[in-house]
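Have the model open and follow along.

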Amino acid sequence: MVSAPDILNASILIVDDQEVNISLLEQLLSEAGYTGVASTMKPQEVCALHRKNRYDLILLDLQMPGMDGFQVMEALKTNDADRYLPVIVLTAQPGHKLRALQAGAKDFISKPFDLVEVKTRIHNMLEVRLLYKKLENYSTVLEQTVQERTAELRESEARYRSLTELASDWYWEQDENMEFTKVSGPVLEMLGIRVDPLVGNAGDGQTAGWNEAERAVLQANIAARQPFLDFVFSRVNADGSQQRFQVSGEPMFNRSSRYIGYRGIGVELIAKK
């Protein structure tokens, strides 16, 4: 919520070519407790003043010589830093009200001024404007927090990869289509996948001697997106020697809980003498 002091301390610019109108509005706002009121009788200065001071509200007369209020609003729209046009138009022409709203004004005050109407419309407009600014600030902070958290996650992920590669003989990652995106060591052979797309070897990628029942269980776990820990399987080499391997793996999900792939590590188990 916006507090009363926030509203009374808001920055306001009065733009009118009639000094009497400026004096009346300044006196009215001062008596109501507003502390940040400025004014100009030169509409050509409005854009530069707003870029410098970022007013919370601009009270803009429509009928001014040299540059009318409609032209001022068009010029204000070129300020990319402010997507919200904080303008209340001042007009004695009923036909100008709809045109002003279509041009981007957020409200209007009729001339001659009804003092109660002026105070009410200014208060309501400032409340909306300050709420909008709070929302913009919150969105900026949220975006920055997300970026910082993403950077932390990437750094953590990099550390994880480095540590797992150091602590294991093999490390691999796959995307959601089971295509390998990172491979370290002979893991492709371990999992029974074609090796030539990644390491440039010819052939069908099939290696004899694996315990097919064990390897089928491992592949079924991966296909079902199930984590597995210290799964042991083996193969018999052409010379009759046996090798045993231990692998662990887990599915990966993004922040929206969507499955994005798999990663795992493996080591060769060496028989103790």
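Phe231 and Phe233 are both buried in this predicted model.

How do the rings of Phe233 and Phe245 sit relative to each other? Their centres are 6.0 Å apart and the planes make an angle of 40 degrees, so this pair is tilted. It's a link between distant parts of the chain: Phe233 belongs to strand 8 (residues 228–236), Phe245 to strand 9 (residues 242–253), and 12 residues separate the two. Phe245 is buried as well, at 3% relative accessible area.

Now go back to the other partner. With the ring count for the model at four aromatic pairs, here's another of them: Phe231 with Phe233, centres 6.1 Å apart, planes at 40 degrees. Stacked needs planes under 30 degrees apart and edge-to-face needs over 60, so Phe231 and Phe233 come out as tilted.

Over the ring of Phe70 you'll find the charged end of Arg99, 3.7 Å from the ring centre. Arg121 does likewise with Phe108: its charged end sits over that ring, at 5.1 Å from the centre.

Terms used: Residues numbered from 1 in each chain as written. Predicted model: local features only at pLDDT ≥ 70, side-chain atom pairs only at ≥ 80, totals over all residues. Heavy atoms only, no water. Phe/Tyr/Trp six-rings, centres within 6.5 Å; stacked < 30°, edge-to-face > 60°. Buried < 20%, exposed > 50% of the residue type's maximum accessible area, 1.4 Å probe, protein only. Helix = DSSP H or I, 4+ residues; strand = E, 2+ residues; numbered from the N terminus. Lys NZ or Arg CZ within 6 Å of the ring centre and 35° of its normal.
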